[in-house]
Amino acid sequence: QVQLVESGGGLVQPGGSLRLSCAASGRILVIYTMGWYRQAPGKQREQVARLTSGGSTNYVASVKGRFTISRDNAKNTVYLQMDNLKPEDTAVYYCNIDLTPIGGVRRDYWGQGTQVTVSS
C-alpha cells in the first residue's frame with residue numbers, strides 16, 4: 001500500500017517563505033510525475049507546479065519566479081519551496097504523485113493536504 005505524507009504548512013506573513021514536503025512510502029516500483037495542487041475556499045483545485053521524471057517543470061503563472069518544485073528520488077519525496085508568499089497563496093496544498101506500485105496499476109496518489117495561510 002502506498003501512502004503520501006505531507007508536511008511544512010503553517011502561518012506566515014506576506015513576503016515570507018515556507019517549504020512543503022511530500023514523502024511517498026510503501027511498495028513503489030516507479031515514480032513518474034510529481035506535483036502540487038492547491039484549493040482555496042470557494043475555489044476549484046488548481047495545479048501549482050509539476051515536475052516530470054525527466055526534470056521538466058511547469059508552474060501556474062501566479063507563482064512563477066516565487067515557487068520552486070524539486071524532488072529527491074532516493075527518498076521518494078517532492079518539495080515545494082515557496083518564497084515571497086502573498087495572501088492569495090492561502091489555500092490547502094496537496095501533493096500528487098503519478099506512480100506504479102509493485103504488483104499494482106499506475107495511477108495518481110494524493111497527500112492529505114496541508115494548510116498554508118499567508119496573513120499579517
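Strands (E, at least two residues) and helices (H or I, at least four) are DSSP runs, numbered from the N terminus. The structure described here is a predicted model, in which local features need pLDDT of at least 70, side-chain atom pairs count only at pLDDT 80 or more, and totals for chains, interfaces and linings use all residues. Residues are numbered from 1 along each chain as its sequence is written, and side-chain values use heavy atoms, with hydrogens and water left out.

The chain has eleven strands and zero helices. From the N terminus on, its elements run β-β-β-β-β-β-β-β-β-β-β. The radius of gyration of the chain is 14 Å, close to the 14 Å that the globule rule gives for 120 residues, so the chain is as compact as a globular protein of that length. This radius is taken over C-alpha atoms, and the globule rule is 2.2 Å times the number of residues to the power 0.38. Along the principal axes, the C-alpha atoms fill a box of roughly 50 × 25 × 25 Å.

Buried residues make up 42% of the 120 residues in the chain. Buried means under 20% relative accessible area, exposed means over 50%, and partly exposed lies in between (1.4 Å probe, protein chains only). The chain exposes about 6,300 Å². Carbon and sulfur atoms supply 46% of that area. Accessible areas come from the Shrake-Rupley method with a 1.4 Å probe; for residues, only the protein chains shown count as cover. Among contacts with a separation of 6 or more, 55% join residues 24 or more positions apart. A contact means heavy atoms within 4.5 Å.

A search of the whole structure finds four salt bridges. A salt bridge is a side-chain nitrogen of Lys or Arg within 4 Å of a carboxyl oxygen of Asp or Glu. Side chains of opposite charge can pair when their charged atoms come close.

D89 takes part in a salt bridge with R38, with the closest N and O atoms 3.0 Å apart. This pair links distant parts of the chain: R38 is in strand β4, D89 is in the loop between β8 (77–82) and β9, and 51 residues separate them. D89 counts as buried, at 1% relative accessibility. R38 is buried too, at 6%. D89 also meets the side chain of R66 in a salt bridge (2.8 Å, N to O). R66 lies in the loop between β6 (57–59) and β7 (67–72) and D89 in the loop between β8 and β9, so this pair ties together parts that are 23 residues apart in sequence. R66 counts as buried, at 8% relative accessibility.

Another salt bridge joins R106 to D98, with the closest N and O atoms 2.7 Å apart. R106 is partly exposed, at 46% relative accessibility, whereas D98 is buried, at 12%. Salt bridges that share partners join R38, E46, R66 and D89 into one network.

Strand β4 (residues 28–39) also holds W36. W36 is buried, with a relative accessible area of 0%. A polar atom of the W36 side chain lies 3.4 Å from the backbone oxygen of Y79. W36 and V92 are 56 residues apart in sequence, yet their C-alpha atoms are 10 Å apart in space.

V92 is also among the residues that T114 touches. T114 is found in strand β11 (residues 114–118). T114 is buried, with a relative accessible area of 12%. Not counting residues up to four places away in sequence, T114 touches E6, G9, L20, A91, V92 and Y93.

G9 sits in the loop between β1 (3–7) and β2 (10–12). G9 is partly exposed, with a relative accessible area of 32%. Beyond four places in sequence, G9 touches L18, L20, T114, Q115 and V116. G9 and A40 are 31 residues apart in sequence and 14 Å apart in space, C-alpha to C-alpha.

I102 is placed in the loop between β9 (91–101) and β10 (107–110). I102 is partly exposed, with a relative accessible area of 40%.

Terms used. Polar contact = N/O pair within 3.5 Å; in protein donor to acceptor, adjacent residues only side chain to side chain.
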